[in-house]
Amino acid sequence: MGRHGWNSDAMRWRLTALLGVALAALALVVTLINTFPGDQGGTRGTTRDGDKVHGTPAVPPGDASAEVGWGFTHTQYSADEGNARATDRVRGELRSQGRPIPQIQHIMGWGAGNPEPVKGRYDFSEMDRRVDFVRGTDGTPVVTLCCAPDWMKGGKPGADNTDWSQQSLETAPERAHYEDFARLAATVAKRYPDVRHFIVWNEFKGFWNNERGRWDYEGYTELYNLVYKALKKVNKDIMVGGPYVVMDSLDPRQSEGTSKTVKGPWGRMDQRALDAFDYWNEHKAGADFVVVDGSSYTEDDEMLPDEFQATDKLTAVSEWVRARTGKLPLWWAEYYVEPGDSQDNRDDWSEEHRVAVQASGLMAMARGGATSGFYWNPQKRGEKCAGCLWSATQLDDGGAELPMLGLIERFGKEFGPGTTYEKVSVAADDRPNVRVIADDDAVLVVNTLDRPISAEVDGRRFGMKGYEVKWLKR
């Protein structure tokens, strides 16, 4: 006879039944734990303590300035992932500059997951990794508060319900959720107390008024003001900027809907962008710096009169903004000097050509009074990557500095915040062919031609290769 009947068929069946009931009950409990009442989304991978300080924050300087200098933006792929030796190369290169390079990371999209899939439940795992990377390079972290979780814009809540389509990502939060978004911004600020610079939203995405055929600058400014106040409540030393409106321009022959004053051979400014900026500037709760973005070419992808002279638009826009905002530092969150194709790829130019025009763009922003500009890093995986800052970190020999990173590092080092620019002598016959900018210590010269030239700049004559970018010491 079996001990206590454990070997009998009846007892075995009863035990199986009991186990089945227990497992079913456990599954129900797990489901209830992972689902909030009233929503159909799971909370797998989320926590309630989103505002818990992450990692070991760097100590920001007591005199942190809103003029952070010249840097870049992390996009879908960056050096926080990949071959360990390759990612270490990038960190080492950025650390070696002897200055904190400002680096932007968005809170959702462009390498970061949905930060709040369900109201009150957070997942900052990917954002944490990006912030850790910036900390590991001794950089200045900058956070762009975009984009919004699905439940704030009419979508489904839940860790598995995030709609990553461009249409969804570029949808603004509904007005009823503006305060929810402001609370999310405050949560981010508490989680990363070493982040002192926040940009509110990105390019007015989702803030277009179809009925009026213009930007919904009232809606954006309402959201901005709520976020501004929420961040200042977390820490009065946090610096906040906007409106990050796209400064579009049109063909210089077009008069309808264009500015009568902000114009040049490069085109005429779209008056709707200027109106949006003016409304925000007049009705903002406050700002520590001003943010715009845009391209040197027109909405029709025309670079007028050519790709180098088209960058004069960046100077004109900068001067127009500075005239309205006084002493507030001006940032270009994005700037583009090379039109993209239907997939937004920019692969047509040689790297020498690209770096030369990019250098001209940096010069143009600086001449207009901008103190910060962020290169939108088009990082990809694989051997080829036009305009990338470093070779793909997925490769064994990846993480090597590429020409665009060299330009940004050197420009930031030579012409950082507080730079006083000086006039530079250029021989009369060389003026049409070169672009220059200088302070008391360095001169940057760009050959705008795709052939070798001999140029006389700052009292010295020297040869330059086609599209060469040359640095001179004074």
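How many helices and strands are there in the protein chain? There are 10 helices and 18 strands, where helices (H or I, at least four residues) and strands (E, at least two) are DSSP runs numbered from the N terminus.

## Model and conventions

This is a predicted model, in which local features need pLDDT of at least 70 and side-chain atom pairs count only at pLDDT 80 or more, while totals for chains, interfaces and linings use all residues. Residues are numbered from 1 along each chain as its sequence is written, and side-chain values use heavy atoms, with hydrogens and water left out.

## Overall dimensions and domains

Along the principal axes, the C-alpha atoms of the protein chain fill a box of roughly 110 × 55 × 45 Å. Of the 474 residues, 54% count as buried; buried means under 20% relative accessible area, exposed over 50%, and partly exposed in between, with a 1.4 Å probe and protein chains only. Among contacts (heavy atoms within 4.5 Å) between residues at least 6 apart in sequence, 70% join residues at least 24 apart.

The domain assignment gives domain 1 (69-415) and domain 2 (434-473); such bounds come from an automatic or database domain assignment. The centres of the two domains, taken over C-alpha atoms, are separated by 30 Å. Their contact takes 18 residues from domain 1 and 16 residues from domain 2.

## Helices α5 and α6

Helix α5 (residues 178-191) and helix α6 (residues 217-234) have axes that come within 8 Å and cross at roughly 35 degrees. Axes are lines fitted to C-alpha atoms, for helices over the stretch in contact, and angles run from 0 to 180 degrees between N-to-C directions. The crossing of α5 and α6 is right-handed, meaning that the near helix is turned clockwise from the far one by less than a right angle.

The residues of this contact divide into 12 nonpolar, 1 polar and 3 charged. Here Ala, Val, Leu, Ile, Met, Phe, Trp, Tyr, Cys and Pro count as nonpolar, Asp, Glu, Lys and Arg as charged, and the others, Gly among them, as polar. The α5 side includes Tyr 178, Phe 181 and Lys 190, and the α6 side includes Gly 219, Leu 226 and Val 234.

## The β8-β10-β9 sheet

An open sheet of 3 strands has the order β8-β10-β9 with antiparallel pairing; two strands pair if DSSP finds at least two bridges between them. Because β8 (249-250) and β9 (258-264) stand at the edges with a single partner strand each, one side of each is left without a neighbour in the sheet.

Strand β10 (residues 267-270) pairs with β8 over 2 bridges, and Met 269 in β10 is the bridge partner of Ser 249. Helix α7 (residues 271-283) lies across β9 and β10, at about 45 degrees to β10.

## Strand β15

In strand β15 (residues 442-447), 6 of its 6 residues are buried. Ala 442, Leu 444 and Val 446 are on one face, and Val 443, Val 445 and Asn 447 on the other.

β15 is joined by 5 bridges to antiparallel strand β14 (residues 434-438), and these two strands form a hairpin with 3 residues between them. A further antiparallel partner of β15 is β18 (residues 469-473), also joined by 5 bridges. Val 443 stands opposite Ala 438 and has Leu 472 as its bridge partner in β18.

## Glu 67

Glu 67 is in the loop between α1 (9-33) and β1 (70-73). At 29% relative accessibility, Glu 67 counts as partly exposed. Glu 67 and Ser 372 are 305 residues apart in sequence, yet their C-alpha atoms are 6.6 Å apart. Beyond its neighbours within four places in sequence, Glu 67 is in contact with Pro 329, Thr 371, Ser 372, Pro 417 and Gly 418.
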